[in-house]
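Thanks for coming. Please have a look at it before I start.

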Amino acid sequence: MIGQEFAHVLTTAAPRVVAACDLTNRDDLVAELRHRDAPPRSDDDGDLVAALLSVYGPETARRLRGSFAFAAATPDGYVLARDPFGLRGLHYTAVGGGLAVASTLAGVAALGEATPSLDLTAFTDLALVGRLAGTRTALAGIHAARPGHVTEVDRHGVATSTRFHHLPASAPSTRPLAESGRALVDSLREVLSGCGPGAAVALSGGLDSALLAAIGAEVGMTRAWVVREGTQHPDAVHAHRVARSLGLRVHTVDIDHSAFLAVVPGYLAAAGQPTGLGSVGTCLLLRAVDPDQPVLSGEGADDVFGGYGDYLQTMKDRAAVLRRADALAAQGFTPSAEAAALIDRINAVTTYPEYAAVFAALHELGPYTGRDAHLTAALAHRAGRDLRLPFLDAPFLDRAVALPAEHKVDHTTGIDKRVLRHAVLAAFGDNDAVVDSVLRRKFGAPSSVRGSQERYAAACARAVTAEQHRRHPLGAFATTPAELAVMDLFARVYGHWRGSPPEGYSAADHLAEWTSAAVQA
């Protein structure tokens, strides 16, 4: 279950542990502790981690399987750790005589002693590499624990990180593609069997969710969710077709433009950074789902199996990145050392295997969860919903990451997510709707909000003049008026409300206020 949060100020004077975990080996850990006469005091995640730390110290992180984040205060300092794939958030900053820790950026911002300010180096990183590098967040002085690392902070605030998890290396191409596909389907079937028949699949009209739905129907699931903006969008039409072909009962979330605008401030608060609005549909879906119902999402498959366009065309954006880096440098903005190293290394590679190796070596988890999967998990945290990401389930992920790179992306033929496509055709080739999920190109991201995104972009273009864009403190980082509007709204959400925008405040309200203020100025 992803939807859990914590926020606390820890001090060395009062040792304690806070944690949020969804562990696949929890029962084994409890049995092991009892055998050592060190059982946890309760079923609380913090008590389990405290008991493990008393026996294993910082090595505790290596023993945990699944998603987790924990922070512990000891007389000598603090110990923090986050699961290898970053599905649990963990943020921290120094406050007074202690350390504020939280599962969300908003949680730490609320605990801080001063209103947070923006980290412009982080904005430079976002503009150039599309991600926050290292431990930076969009807010100055607030850090994010690195996935797969143990971070120790001493009493003077000096932090050191030690990597406890290494991504499995891709295997030589000895296993036939068909055999790899069958193994992945079998592994997913095991994952979905553990979710229970009451779980539902969020269908997007794409390949990944169709595969989950097909396997889910096999193991007894009966429900699916579809978010749509209008009844005739091809993605929504196809999602309903897939559900009908599998005998799944569909729950539909119909949204309009006002609903889209209403959730954007909270969406940016959950994201913890200015980002694209394509996943607002996921936010609306999570609001509609019963808190006790597990919902399965296909997010993560693109990360693991090379479904993003730049994994197939690693050369396409290099010149543009370098030109933009020069333009930002001319205005006094330079990337962090981590982002600069990432740019240099990406510039030096020519193939997908090399590209994947760069991200793995820098532990940016590039092909492995650095994009939409993290955002989806953050939205579930904020909504308090039981969202599952089967493609990022630890045993499945270890198996998938270790596959030969050419099973994921084949540059010679231009096929991405190759092993998944073959697996679906082999396992469900008698279901035309599921097969069409392999053949068709999905339109939206997700389909539900593309129209609203375009309307919002048009409104921003009308409201923001070129001069306003040029003079705005964040103008250098935005390529369109809509991007700048999102950045300005993010700054307001955290600069005015510390990540907790007032109920009822929408992106439309922000645009109207911003335009009015610009006119008065």
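This is a predicted model: local features need pLDDT of at least 70, side-chain atom pairs count only at pLDDT 80 or more; totals for chains, interfaces and linings use all residues.

One term before the strands: two strands pair if DSSP finds at least two bridges between them. By that rule S8 and S9 are paired, in the antiparallel sense, over 5 bridges.

S3 and strand S4, residues 77-82, run antiparallel and are joined by 6 bridges. Two positions to look at: phenylalanine 70 stands opposite alanine 81 in S4, and alanine 69 has arginine 82 in S4 as its bridge partner. S3 and S4 form a hairpin, with 2 residues between them.

On to S4 and strand S8, residues 149-154. These two also run antiparallel, and 5 bridges join them. Tyrosine 78 has valine 153 in S8 as its bridge partner.

Is S4 open to the outside or enclosed by the rest of the structure? Of its 6 residues, 6 are buried, so S4 is largely enclosed by the rest of the structure. The cut-off for buried is under 20% relative accessible area.

Back to S8 and S9, where we began. Histidine 149 has arginine 163 in S9 as its bridge partner. S8 and S9 form a hairpin with 4 residues between them. In that turn, glycine 157 has a positive phi of about 90°.

Next, another sheet. This one is open, with 5 strands in the order S12-S11-S10-S13-S14, and the pairing is parallel. Strand S12, residues 249-254, and S14 are at the edges with a single partner strand each, so one side of each is left without a neighbour in the sheet. Inside the order, strand S10, residues 200-202, and strand S11, residues 223-228, run parallel with 3 bridges between them. Alanine 200 has arginine 223 in S11 as its bridge partner. Helix H8, residues 234-246, lies across S11 and S12 and runs at about 170° to S11.

Rolling a probe the size of a water molecule over the atoms shows where empty space is left. The second largest pocket holds about 760 Å³ of space. It is lined by 34 residues, and the closest to its centre are Thr24, Gly66, Asp393, Ala394 and Pro395.

Which elements supply the lining of this pocket? At least two residues each come from strand S2 (16-23), helix H3 (60-63), strand S3 (66-74), helix H6 (177-193), strand S14 (387-388) and helix H18 (394-401). H18 gives the largest share of that lining, 5 residues. By class, the lining of the second largest pocket has 19 nonpolar, 6 polar and 9 charged residues.

To finish, two single residues. Leucine 29 has a relative accessible area of 3%, so it counts as buried. Setting aside residues up to four places away in sequence, leucine 29 touches Leu23, Leu52, Arg63 and Leu64. With arginine 63, the C-alpha to C-alpha distance is 8.2 Å, and leucine 29 and arginine 63 are 34 residues apart in sequence.

The other is aspartate 432, in helix H21, residues 432-439. Is aspartate 432 buried or exposed? Its relative accessibility is 55%, so aspartate 432 counts as exposed, the cut-off for that being over 50%. Aspartate 432 and serine 245 are 187 residues apart in sequence, while in space they are 8.3 Å apart, C-alpha to C-alpha.

That is the end of my part.

Technical notes
Residues are numbered from 1 along each chain as its sequence is written. Side-chain values use heavy atoms; hydrogens and water are left out. On a 1 Å grid over the protein atoms alone, a cavity is a set of points where a 1.4 Å probe fits but cannot get out, and a pocket is an open set with protein on both sides within 12 Å along at least five of seven lines; lining residues have an atom within 4 Å of a point. Grid points are joined across faces, edges and corners, and a volume is the space filled by probe spheres set on the points. Ala, Val, Leu, Ile, Met, Phe, Trp, Tyr, Cys and Pro count as nonpolar, Asp, Glu, Lys and Arg as charged, and the others, Gly among them, as polar. Buried means under 20% relative accessible area, exposed over 50%, partly exposed in between (1.4 Å probe, protein chains only). Contact means heavy atoms within 4.5 Å. Axes are lines fitted to C-alpha atoms, for helices over the stretch in contact, and angles run from 0 to 180 degrees between N-to-C directions.
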